[in-house]
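This report is meant for someone meeting the structure for the first time. Please look over the sequence and the model below before reading on.

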Amino acid sequence: QITTLINHKDKPKRSDKTLQAIQRVGQAVNLAVGRFVTVGEAIANENHELKEEMSVACIEARRAGETIAQLTDVASLDHPESDSHITIFTDKTGVVKAARLLLSSVTKVLVLADRIVIKQIITSRNKVLATMDQLEKVSSFQEFVQIFSQFGNEMVEFAHLTGDRQNDLKDEKKKARMAASRAVLEKCTMMLLTASKTCLRHPDCESARINKDGVFHRMRLALEQVIEIVTDSRPSGENEMAPISIYSGIKEFKNKVEGLRENLYFLSKENLSTMLEVILEHTEDFTDSAYTSHEHREHILELSKQAKMELEQLVSVWMQAQNQKTKDLMEDLEVAILKTCQCMNELKREVHSAATSLAADLLKYHTDHMVLKALKITGVEGNLEAVAEYTCKLSEQKEQLVEMCRLLRHVSGTEPLEITCIHAEDTFQVTGPQIISAAETLALHPSSKIAKENLEVFCEAWESQLSDMSLLLREINDVFEGRRGEKRVYLSLPRPGKHNANLKALKPVKLDTEEQAKIAKLGLELHLLTSDVDSETEKWEDQENEIVQHGQGMSSMAYSMYLFTRGEGLLKTTQDLFHQAEIFATEGTKLASALHALSDQVHDDKPLLLLEAEKLISMCKQLQVTAKASAQGKSATFTKVDACILKTRNVMTLLCQLLPLCCKLLRKNKAGNGCLKPAPPWKEDRIRTGTNARTPERRVDTFGIKSLENHVTNMTFLESK
C-alpha cells in the first residue's frame, strides 16, 4: 500500500475515483499501523526492560501512520493544491519521509519483539537447567517426585516456546537442527525419569550411575544447541564447519563445469582439479567401508578413474578454446562438458545405490530386534555372561548403523536431510552404550522392576530410531528421483500405457551424449525461462489466483523437461517427455480460459489480453499435435524431442509476457473499483500474553507435550519391597 502511494503518477487531471482510492490507501495504512502499535504497546507493558525502547518505536510508527493519513486526505478537496491544506500532491517528499519513518519504526518494533522471544527461550532453558541440577543431586524418592513434577512443567513450557520458534525459522537447515535437538529432549525426558529412579533404587550400582549421567549429559548438549540456533551463535566464537557431502560436492563441481559455456575465464583449472580431488577423497568413505559390496566398490573406483580422465580431456580442450575460440573447439568443449557431467552423474548414482542398498539391507535385517529381546531376557535371568555376549553383538550392530548413517549423509541430497542423518548417527552412537549399561544394571538386579522398565525405555528409543531411518531412506530416494527437493516437480505424469493406445508400439528411449549436446542450449534457455516465470509469480499478492497456479504448474513441468535434456529428473525416456509436453499444453489451455475470465473483469488492454490468450491456445494446440505425432527411428524421435522443447520454450516466453500484464491489470482494476484488499487483522489471541500465547492450530507439533503432561500428572513410583 505504501508503494502504491509513493509510485502514484502525478497527472495534471485527477478524477474523483483516483482521489478516493488514494484516501482509502492512506486510511488503510493508518488503521493497520494502529493495530500493530496496540500489540507492540501490550508487549512493552509486559516486558519492562525493553518498555522504553518499544514505546518510542510505537510512538514513531503511530505518528508516521497519522502523517500518511493526513497527506492522503484529498477526496473532500475541490482544489488539492490549495495552500490551506498540504497533501500528497503538494508535498510528495512528506509521504516519502513518513513512509521511511514508518518502515524504520515497524522494523524496530519487530526486532525488539524478537529479542523478547529469544529472552523467553533462554530464561526457560535456564530454569530447566537449574531444576536438572537439583534432580541430579537428590537422594530420596519423595524429594525426586516434587522436583520432577516441577521439571516436567518447565519442559512443557520449553517445548511450546521452541515449537513456536521452529515454526518461525525460515532457514531449513536451522529448522532441521532445531527439530533434531527437540527430538533428543523428547526422548531424554522419559529416559531421565526411569534412569534417575533406577539410580535411586540402586545407589551403589556403577552401571546405573553411568546410565543416568549419559542422559543428563545428552540433555544439556541438546539444550545448548537450541540456544545456539535461537541466538545464531557458536560457543567461544567457533565457526560451524559441516562436512561436505559427495552429493553437494558433485553439484557444485557440475555448476562450475557448466559455467564454462558462458565464461571460459571465471575459474582456474587448479580450482576444478581441487574440487574433484575433494569429491574423490569422500568416495573413500565408501571404498574403505567394510560394509560396501565388492561390486559397488569396483564401480566407484572405475568411475573415479574415469572422472579424472574426463576432467583432463575437458581441461585440454578448455585451454585451447581460451587461446583460439573456433566453432570446432567450442563444439569439442560442449561434448567434454557433457561427458564430464555425465560421468559425475553416474558416480553420484553409484554411491547413492551403494548407500541406500546397504541401508535397506541393514534395516530389513534388524527389524526383528532379536538382540534387544535377548538382552531383556538374559537381564531378567541375571545371566551376566549372556548379557556380555549380546552387548558385544549390539555394539557390532551399532557400528553398522553408524556407518550406514555416514554413507547416507553423503547422498542425502539436501542440507536438512544431511542434518537428520547426523542426528541419527549421534542417536545410535549414544543410545547403544546406554542400552548396554541399562542391561548390565538389570543383570546385576534381575528382580528390580524399575531396572527392567529402564531397559525397556532405552530399547524403545533404539527401535524408534530404526523406524525413523526407514522414513529417512524413503525421503533420500525421493530427492534423488526428483520427487522433492529444491525445485517443485510436477507429478501429474500419466503412466505409460494408461492414457495412450499407441504406446505399446513405441519403444521408450533416452538421449545419448551427442543428442544431449545438441539440445543443451535449448534446454538452458528453458531453464532460464522457468526462473523468469517463477520470479513473476512471486510478485503476485494473491498466490491462490488461478492464473498464478497454472503459471507455477507450467513452470514446474518446463523445469522437469529441462532436467530431461541433462539426463536427470523424473522424465527418464523420450516417451515420458512427450507425455509431459501433452500435460503442459493442457495446463496452458486452462490458463487461456482463466485469461478469458479476467478479460471480462477489466476494461483497459482487454483486446490485447484476448489476443494473447488466443495466441496461447494456438501454441498449446501445436505442442499437443507435435507431442502426439508418431515418430519411428532414432533421428525422427530426436527431431520430435527438439520440436517439443522448442514449442515449450515458445509458450514459456509468452507466459513471461502474460504474467506481468495480468498482474498490472488486476492491480489497476482493484484500485479503480475501490476493491483494496484490507489489511488482515492481527491475531490478538496469539499475542495477548506477549509473544508467548498459543495459536489454536499449531503448524509443528511440540515434542511429546501431551504425553509429557500426562506423564507428569499421573507419575507413580515403585515402592520398595
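## Arginine 209

The side chains of arginine 209 and glutamate 206 are joined by a polar contact of 2.4 Å, where a polar contact is a pair of N or O atoms within 3.5 Å, one of which, within protein, must be able to donate a hydrogen and the other to accept it, with residues adjacent in sequence counting only if both atoms are side-chain atoms. This is a predicted model, in which local features need pLDDT of at least 70 and side-chain atom pairs count only at pLDDT 80 or more, while totals for chains, interfaces and linings use all residues. Residues are numbered from 1 along each chain as its sequence is written, and side-chain values use heavy atoms, with hydrogens and water left out.

Arginine 209 belongs to helix α7, helices being DSSP runs of H or I with at least four residues, numbered from the N terminus. Its relative accessible area of 36% makes arginine 209 partly exposed, a class that lies between buried (under 20%) and exposed (over 50%), computed with a 1.4 Å probe on protein chains only. From C-alpha to C-alpha, arginine 209 is 9.7 Å from alanine 438, although 229 residues separate the two in sequence.

## Serine 207

Serine 207 is also placed in helix α7, and it counts as buried because its relative accessibility is 8%. Its side chain makes a polar contact of 2.7 Å with the side chain of threonine 441. When neighbours within four places in sequence are left aside, serine 207 is in contact (heavy atoms within 4.5 Å) with Ser437, Glu440, Thr441 and Leu444.

## Helix α7 and its packing

Helix α7 runs over residues 206–231, and its 26 residues reach 38 Å from first C-alpha to last, close to the 38 Å expected at 1.5 Å a residue, a span taken as 1.5 Å times one less than the number of residues. Just after α7, aspartate 232 takes a positive phi of about 60 degrees.

Helix α5 (residues 141–168) packs with α7 at an angle of about 35 degrees, their axes being 12 Å apart; such axes are lines fitted to C-alpha atoms over the stretch in contact, and angles run from 0 to 180 degrees between N-to-C directions. The contact is made by Phe151, Met155, Phe158, Thr162 and Arg165 of α5, together with Met219, Leu223, Val226 and Val230 of α7.

## Histidine 369

Histidine 369 is found in the loop between α11 (327–365) and α12 (370–381). Histidine 369 has a positive phi of about 55 degrees although it is not a glycine, and it is buried, with a relative accessible area of 19%.

Notes:
Helices (H or I, at least four residues) and strands (E, at least two) are DSSP runs, numbered from the N terminus.
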